[in-house]
Structure formats: structure tokens, C-alpha cells
Amino acid sequence: MPDGCCVDHPGIDLGDPRFNTSSTPWHTLYREDDHPRLRRVKAKRDPRNVFRHRQSVQPPAT
């Protein structure tokens, strides 16, 4: 598990630069280096982004 965040307890403020003043984006705090791979999976399995919440993996821009 990455330092600082637990996937089971989302901290929606981490996406707001007023609250996350670190140089680490919120998705790295949760998923470390897996984020690019997860975005590829999201594009393949949910390209229309139907299954989402405020901190879900976003599909890559097309």
C-alpha cells in the first residue's frame, strides 16, 4: 500500500490543490506507479466512464 492513503477511505480533498499541497498527485498517493496501467484498463473496460466517482481512474484522453 502506498504511503499516506487507503483506497477504502477516499480523501476527496486530495484532488484539490488547496488541500493537497504536496508535489504528489492524489492518484499517485493511492496507486503509486500503477496509474498509467489502470488508465489503459479503464479505457478498454469502461471507455464511456460509466463506473466512476470523484476519485476514480479516468480513461486516457483520446
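Which side chain does the side chain of R18 join in a polar contact of 2.6 Å? Select R18 and look for D16: the two side chains are joined at that distance. Keep in mind that this is a predicted model.

**Stop 1: R18 and D16**

R18 sits in the segment before α1, a helix that spans 26-31. The R18–D16 pair also counts as a salt bridge, at 2.6 Å from N to O. Is R18 buried or exposed? R18 has a relative accessibility of 65%, so it counts as exposed. The cut-off for that class is over 50%.

**Stop 2: the whole chain**

Zoom out and colour by secondary structure. The chain has two helices and zero strands. Now colour by accessibility. Of the 62 residues, 26% are buried.

Contacts come next. Take those between residues at least 6 apart in sequence: 37% of them join residues at least 24 apart.

**Stop 3: the salt bridges**

How many salt bridges does a search of the whole structure find? The search finds three. The R18–D16 bridge has been visited already.

Select D34 and R37 for another. Their side chains meet at 3.8 Å, N to O. D34 has a relative accessible area of 37%, so it is partly exposed. R37 is partly exposed too, because its relative accessibility is 40%.

Then select D46 and K42. This salt bridge has an N to O distance of 2.7 Å. Both D46 and K42 are buried. Stay on K42 for the next stop.

**Stop 4: K42**

K42 lies in helix α2, which covers 35-45. Why does K42 count as buried? Its relative accessible area is 10%, and the cut-off for buried is under 20%.

Besides meeting D46 in the salt bridge, the K42 side chain reaches the backbone oxygen of F51 at 2.6 Å.

K42 is in contact with P47, N49, F51, V57, Q58 and P59. Two of these partners, P47 and N49, get stops of their own.

**Stop 5: N49**

Select N49, in the segment after α2.

Display its side chain together with that of Q58. A polar contact of 3.3 Å links the two side chains.

Which residues does N49 touch, not counting those up to four places away in sequence? The residues are K42, V57, Q58 and P59. V57, Q58 and P59 are also among the contacts of K42. Keep K42 and N49 on screen together, and these shared partners can be shown in one view.

**Stop 6: P47**

Move to P47, which is also placed in the segment after α2. Is P47 buried or exposed? P47 is exposed, because its relative accessible area is 56%. Beyond its neighbours within four places in sequence, P47 is in contact with K42 and P59. P59 also touches N49.

**Stop 7: P60**

Finish at P60, in the segment after α2. Its relative accessible area is 32%, so P60 is partly exposed. What does P60 touch, not counting residues up to four places away in sequence? P60 touches R39 and A43.

- Salt bridges: D16 with R18, D34 with R37, and D46 with K42.
- Around K42: P47, N49, F51, V57, Q58 and P59.
- Polar contact at N49: its side chain with that of Q58, at 3.3 Å.
- Proline pair: P47 and P60, 8.9 Å apart, C-alpha to C-alpha.

Notes. Residues numbered from 1 in each chain as written. Predicted model: local features only at pLDDT ≥ 70, side-chain atom pairs only at ≥ 80, totals over all residues. Heavy atoms only, no water. Helix = DSSP H or I, 4+ residues; strand = E, 2+ residues; numbered from the N terminus. Polar contact = N/O pair within 3.5 Å; in protein donor to acceptor, adjacent residues only side chain to side chain. Contact = heavy atoms within 4.5 Å. Buried < 20%, exposed > 50% of the residue type's maximum accessible area, 1.4 Å probe, protein only. Salt bridge = Lys/Arg side-chain N within 4 Å of Asp/Glu carboxyl O.
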